[in-house]
Amino acid sequence: MKLSSKWMQLAALAVLVAVLPLFFPSGYYYRVGALIFVNGLAVTGLVILIGYAGQISLGHAGFAGIGGYACALAPAHLGLPPSLSILLGAVISALLAMLIGKPILRLRGYYLAVATLGFGILVSMVLTNERALTGGPDGMAVQGLALRKILRGWGWKLTSGEFWYILSALAMLVGVWIALNLFQSATGRAMRALHGSEVAARTVGIDVARLKLQAFVISAVYASVAGSLLALQNQFVTPDIAGFMHSIEMVTMAVLGGVGSVLGAVTGSAILTLLPQVLTVFAEYEQLVLGLVMILVMIFLPRGLLPSIAAKLKGRGE
Amino acid sequence: MDALLQFMLSGVTVGAVYALVALGFTIIYNASDVVNFAQGEFVMLGGMITVFTYQAGLPLPLAAVLAIAITSLVGVALNKLALEPARGAPVVSLIIITIGASIFIRGAAQLIFDKQLHRFPSFSGDAPIHIFGATLVPQSLWVIGGAVLVFIALWLFFTKTLTGKAVLATANNRLAAQLVGINTGWVMTLSFALSAAIGALAGVLVTPITLVGYDVGVGLALKGFAAAMLGGMGNPKGALVGGISLGLLEALTAGYLSSQYKDAVAFIVILAVLFVMPQGLFGKSTTERV
Amino acid sequence: MSLLEVSGLGIGFGGLRAVDNVGFSAQPGEIVSIIGPNGAGKTTLFNMISGVYLPDSGHVRLDGKDVTAAEPHRLARMGLTRTFQNLQIFQEMTVLENVIVGFHQSESGSLIADLLALPAARRRAQAARAQAQELLKRVRLDKAAEELAGNLSYGALKRLEIARALAMQPRVLLLDEPAAGCNAVETEEIDHLIAELAKSGIAILLVEHDMKMVMRISNHIVVLDHGEKIAEGSPESVSKNPAVIAAYLGAGDEESVDADS
């Protein structure tokens, strides 16, 4: 995106995050906001994988699951504080992504889609079936973050909703900042080149296999951290976090907003997170509407919501 | 030995269903290069519509035929309304569209029907047949027989009829097919109708054994997809071999290893196959052209 | 020892020998053209030399070192790169970015620095940017630097591909029909550019249909027909070679198989 610089995009996001609570009719909306930001973080990772490097994954919820369960299991079994458990989950996700990414990323298109999908489903099956460890399909409780108590000790009293709103927003902003840095860097440029033409990328000396792996690992870490934050703020985690539908939701958010741009992806997360909230009255129509939105956006706004709108505005200006 | 036979019989039954779903994938993939993630919903629709029209008082055979016909129309509509407008879109977009369609159909089914599990009576009663100490429900024979008939009929269709050859020609090279006067738009409609009908038939055949609910499609689609990949995308023979092999592997895993992880088999096999031979058992490899 | 030495190179696709037992060599500053009728195997030969296809037989040597099975990105790092007949441009990136990507080897550093936009990463990016702008001037695309590459004309894209290849400071450059689809003015520009590059010491392998251009700028010509080398030598000797004339005349009335597919 040449029209807006990195700092403009970040500033716009930060202002939005800061101003939004002024319009919240109730404290409940902090929760919704926090959810949007956590999803936004995961989806920003997918922008790096899908939007920059042009590789699909239908299994990234698997990494979210690893991040989530790391925060549930490590404090209980290893005595690790939740904050370090986030780190542990990220490291495990990164290592696993490296291990499976090597063979998987040789595949393309539908084959890559199904291989990643298989990985995600295997993770969710393990989480569902290993009852002794994970509590099975009913999930397990997650210990909260101590940070909020520490803040209270310093005289900064936040409700749980407010606390998670701020923390998730910060996490997302850092994630977005990193993704925007990458976009303009040598590595990011090489990823986009590989997306444009793999064979040309190779002939300019780009190690395509290594680069795909880097994109896969980075996006896995994003998903893992997002999964950790999700588990920590819900203080509960179930295998659904790693499920097929969660993977699909993440990809849909990314593609819906515009997978080529980080801001677009965040917009996509906002829309898809809000949709069920808006539709609670018509809960039984939720799937119907979600499916319809997915189809219509892909047909009429194939580049995603934000880039398509930007292109339209630009066209009018000329 | 009895146990092994028992596992194999149930494996072949399930495998026949996977093979039919995989065949549905294959037909649409060949005609349009689209992997249709809504394939499982066709199976669900076949079962559900039969259940509800049968409960409304229609005789079972008529209910089944009606279900297959309606599902075919859904398949055609999927192509006309969702995929044709997006022709030429990148793979990611097509994946999103068919997954969107799958979620949409599921949502609609949940509204029109309900969220319960249903079944209708087996075609030839439920008295088990005993074979060398293993037992088999008669409906299994219907499933296996149905699958065999579908594969034979399709083989005849593709090799003996002009229409079938037109479909193959279109699959091979769309532009060339158009140039020799084949109406490729019609071939596309036919392929989606056929694929949906096969899916619905699988649903009709298997519902008395496995029951049907609005959300059975996802699982079946993934298994069918796995089977199609295993056999090699785009190859009907591969769909058959892939489906049966997957069914057997699952049944044997459930029997001898762990019933909890039987569903994992499909994906472990897929990953293994893709690592070793990314084109599947019968797929053709392609050379990139630059 | 030659800079580039190709010997006995061959490949088959499903029983068809697309290229068979082809050999030649190139020195620094030399322009070697590969000519032949459509389907003679020129692009396939390029694909093998640049590591895109793995040959079934023969060798490619760079500075005497066997690089036959090397992947394209390794060859590029050793100083051998190429352009493409059917343009392989990064359409969604700007013209300038396309060239900056060519500096990938010199620009890329630690991933962490890139993710955190550390000063080191920014310095590398700045340097690559400045150099890329220089190269764009050289192919006279500097005015279009910030445009999306996908919006450029065909002739401009051909020059952009060359600029991107030059960013790697190659010692051997394979140009696959650089003047195809270009008008007379553009062809002459490319003509001059190639001569200039050769003068700077780059060995150039050229596949080109514009025979006037080939005869004018080549030092050495290799003629392929049906995947085999039928002649080799100076432009004068090749143009008088009866086998070459027969191949060109014969190709007009017989349906030639496109061996590149």
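## Conventions

Two strands are taken to pair if DSSP finds at least two bridges between them. Helices (H or I, at least four residues) and strands (E, at least two) are DSSP runs, numbered from the N terminus.

This is a predicted model, in which local features need pLDDT of at least 70 and side-chain atom pairs count only at pLDDT 80 or more, while totals for chains, interfaces and linings use all residues. Residues are numbered from 1 along each chain as its sequence is written, and chains are lettered from A and ligands numbered from 1 in the order in which they are written.

## Chain C: overall form

Chain C contains 11 helices and 10 strands. Its radius of gyration is 19 Å, close to the 18 Å that the globule rule gives for 261 residues, so chain C is as compact as a globular protein of that length. The radius is taken over C-alpha atoms, and the globule rule is 2.2 Å times the number of residues to the power 0.38. Along the principal axes, the C-alpha atoms of chain C fill a box of roughly 60 × 40 × 35 Å.

Of the 261 residues of chain C, 48% count as buried. A residue is buried if 20 or more other C-beta atoms lie within 10 Å of its own, exposed if 12 or fewer, and partly exposed in between, with C-beta atoms placed from the backbone. Two residues are in contact if their C-beta atoms, placed in that way, lie within 7 Å. Among contacts in chain C between residues at least 6 apart in sequence, 67% join residues at least 24 apart.

## Chain C: domains

Chain C is divided into domain 1 (1-79 + 170-184 + 202-261) and domain 2 (89-167), with bounds that come from an automatic or database domain assignment. The centres of the two domains, taken over C-alpha atoms, are separated by 28 Å.

Seven residues of domain 1 of chain C are in contact with six residues of domain 2 of chain C. On the domain 1 side, these residues divide into four nonpolar, two polar and one charged. Here Ala, Val, Leu, Ile, Met, Phe, Trp, Tyr, Cys and Pro count as nonpolar, Asp, Glu, Lys and Arg as charged, and the others, Gly among them, as polar.

## Chain C: sheet and hairpin

An open sheet of six strands in chain C has the order 6-7-8-3-9-10, with mixed pairing. Strand 6 (80-82) and strand 10 (228-233) of chain C are the edge strands, each pairing on one side only. The twist averages 20° from one strand to the next. Within this sheet, strand 3 (residues 31-35) and strand 8 (residues 203-207) of chain C run parallel and are joined by four bridges, and C:I34 stands opposite C:V207 in strand 8. Helix 8 (residues 184-199) of chain C lies across strand 3, strand 7 (172-176) and strand 8, running at about 150° to strand 8. Axes are lines fitted to C-alpha atoms, for helices over the stretch in contact, and angles run from 0 to 180 degrees between N-to-C directions.

Strand 1 (residues 4-13) and strand 4 (residues 57-62) of chain C pair in the antiparallel sense over five bridges; C:V6 stands opposite C:V60 in strand 4. Strand 4 of chain C also runs antiparallel to strand 5 (residues 65-66), to which two bridges join it, and C:R61 stands opposite C:D66 in strand 5. The hairpin of strands 4 and 5 of chain C has two residues between the strands, and C:D63 takes a positive phi near 55° there.

## Chain B: overall form

Chain B has 11 helices and two strands. From the N terminus on, its elements run α-α-α-α-β-β-α-α-α-α-α-α-α. The radius of gyration of chain B is 19 Å, close to the 19 Å that the globule rule gives for 290 residues, so chain B is as compact as a globular protein of that length.

The C-alpha atoms of chain B fill a box of roughly 60 × 50 × 35 Å along the principal axes. Of its 290 residues, 52% count as buried. Among contacts in chain B between residues at least 6 apart in sequence, 74% join residues at least 24 apart.

## Interfaces of chain A

The contact between chains A and B takes 33 residues from chain A and 36 residues from chain B. Helix 5 (109-129), helix 12 (244-257) and helix 14 (286-300) of chain A each supply at least two residues of the side that touches chain B, and the largest share, 11 residues, comes from helix 5 of chain A. This side of chain A divides into 25 nonpolar, six polar and two charged residues.

Towards chain C, 25 residues of chain A are in contact with 36 residues of chain C. Helix 8 (160-184), helix 9 (186-196), helix 10 (198-203) and helix 11 (208-234) of chain A give two or more residues to that side, with the largest share, eight residues, coming from helix 9 of chain A. By class, the side of chain A that touches chain C has 10 nonpolar, 10 polar and five charged residues.
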